[in-house]
Amino acid sequence: MRKFKRMAKKFVADFVVVDNKPLNATNFLIKARSNSVLPTILPGQFVNVEINDAKEIFLRRPFSVFEVDYNQNTISMIVKILGRGSKKLTEIEAGCNISLVYPLGKSFTYPAATDKVLLIGGGSGVAPMLFLAKESGLDKTQVDILLGARTKEDHIDVESYSKYANLHYATEDGSLGEKGFVTQHSVFVNDLNKYDKIYACGPDGMMRAIAKVAKAADVFCEVSLENLMACGFGVCLCCIEPTNKGNLCVCTDGPVFNINELKW
Amino acid sequence: MVDLKVKVHNLEFKNPITLASGTCGFAREMADFFDPAIVGGFFLKGSTLKNRDGNEYPRMAETPSGMLNAVGLQNKGIDYFIENIYPEIKDYDTQLIINVNGSTVEDYIALTEKVNELDKIRGIELNISCPNVKEGGMAFGVSCPGAEMVTREVRKVYDKTLIVKLSPNVTDISEIARAVEGQGADAVSLVNTFLGMAIDAETRKPKLSTITGGLSGPAIKPIALRMVWQVANAVKIPVVGMGGIMNAADAIEFMLAGASVVQIGTAVFKDPTLPVQIINELEDYMLRHKVQSVNDLIGELQI
């Protein structure tokens, strides 16, 4: 048998699902364990997941990594039901095998030790934001997390992250935190210039609105994109994003981009 | 031990499992997953004389058992390849064949002359079948005079192995295969993607920016297999077969139909290590069927 050289930087492997629990009506937390030692996986990187036994689902589905536990050899991701593929994935049971291609993409730029940062997450885009907050090594006083959703019910419970960051909420109907979009929230409107770095992950419209303001205020800002992709490792050239350097692959040149690179 | 070695013209492949152009980048992307020396070869990403940005996003749509793409030959041009990519990959211990594309015959000639200078690129795959570009590409590959003209002109300037990649979007693919054979092609490879289309019923819009695109994946396998069989029976030069291969059995079917070498394409998107698994499974098959040399499978369809 031909063995894969251990020099490999990316892997395809079956994981075992150890937990799959609903976080709210449309988001699920799936945790899966590897049989082999995990490589370093950084906030902003993603995994490409095969969807088992799903009619007419041919390609994998990419998900941002939410948590990595190197002791238990587990990777967790937040799966939001968007279509048939993600729906099917949320039905997987503990004990089942799940094939992952990992780790993919580039991570967020880590903040400097003295930086004050604002992390903005919308929908399942909270996953890499929480991962970054936890891994940044910053003191809680330096980290603000602003989470946006339509209603209180659309938010997932992230209170356990209050030890890493100050949590702020925005809802369109005012049922949790301030009423309105994240870009209308007081920490974003009033305090933007006190941050050294802003990071965002969420719906395209949300990130574009954030980028516009951050650009005008000349604040460092990185966003994580999720263009449609087939491979996830830079060969299909389907997930391209127009940038100052031409069309770049979101899967390998991103998914994290500095807003100054983008043609937004 | 079984013998996996196979020749296409004077190109020797250590095994018949190669990766298809457009689905393996410039081979180095695959080296993140496995040692490139394991596979028979790489058909490198379609390259053009000058930089091409490719088509607008969105460029892909998932379809039943396959996908449509409309990448449009995005690449940085042959000079970029020669200066920045070739030095990195040239010492891979495997066959490297570059897929070349032009909008005009002059483009094909200029491009081929440059590639002819590269020692470790011992063959080209002349792409006259890309369905996603406005000029050139498939326009040459869907008529005998067009296919003949490009092949003839490139043959004049290229002295290494010339493989012509055929389009399935024709009435009779064996006619085109015979036409390029007549102009000095050393081998043919087939099939490129089938022209297809996807619409979002909710938005009433096409799913691809270009409206139509190329269909690949297991959805096309039976048609590709039939075409490989027809072409293998129509020409004397070797055939490189591809179209929806997902496992060793698929690869063997293409070889039985007449392919000397096969290319794994879209399946790599699902599992980039699949070519390695297919080589292992091919060996198992040969041991099980007491086939000593892989050459004993080529065209050995029992009718």
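## B:Val71

In this predicted model, B:Val71 sits in the loop that links β6 (66-69) to α1 (78-89) of chain B. B:Val71 counts as buried because it has 26 C-beta neighbours inside 10 Å, where the cut-off for a buried residue is 20 or more.

Leaving out residues up to four places away in sequence, B:Val71 touches A:Leu237 and A:Cys238 in chain A. Within chain B, its contacts are B:Gly22, B:Gly54, B:Asn55, B:Arg59 and B:Asn132.

## B:Asn192

B:Asn192 is found in the loop between β10 (187-190) and β11 (194-197) of chain B. With 28 other C-beta atoms within 10 Å, B:Asn192 is therefore buried.

Again without residues up to four places away in sequence, B:Asn192 touches B:Ser129, B:Cys130, B:Lys165, B:Leu166, B:Ser167, B:Pro168 and B:Gly214.

## Binding-site annotation

An unreviewed UniProt entry carries a "binding site" annotation that covers both B:Val71 and B:Asn192. The annotation also includes B:Lys45, B:Asn69, B:Ala70, B:Gly72, B:Leu73, B:Asn127 and B:Thr193.

## Contact between chains A and B

The contact takes 27 residues from chain A and 32 residues from chain B. On the side of chain B that touches chain A, at least two residues each come from β5 (60-63), β6, α8 (267-270) and α9 (274-288). By class, that side of chain B has 8 charged, 10 polar and 14 nonpolar residues.

B:Val71 belongs to this picture through A:Leu237 and A:Cys238, which it touches.

Definitions and conventions. Residues are numbered from 1 along each chain as its sequence is written. Chains are lettered from A and ligands numbered from 1 in the order in which they are written. This is a predicted model: local features need pLDDT of at least 70, side-chain atom pairs count only at pLDDT 80 or more; totals for chains, interfaces and linings use all residues. UniProt positions are given in the numbering used here, feature names are shortened, and annotations may be inferred rather than shown by experiment. Helices (H or I, at least four residues) and strands (E, at least two) are DSSP runs, numbered from the N terminus. A residue is buried if 20 or more other C-beta atoms lie within 10 Å of its own, exposed if 12 or fewer, and partly exposed in between; C-beta atoms are placed from the backbone. Two residues are in contact if their C-beta atoms, placed from the backbone, lie within 7 Å. Ala, Val, Leu, Ile, Met, Phe, Trp, Tyr, Cys and Pro count as nonpolar, Asp, Glu, Lys and Arg as charged, and the others, Gly among them, as polar.
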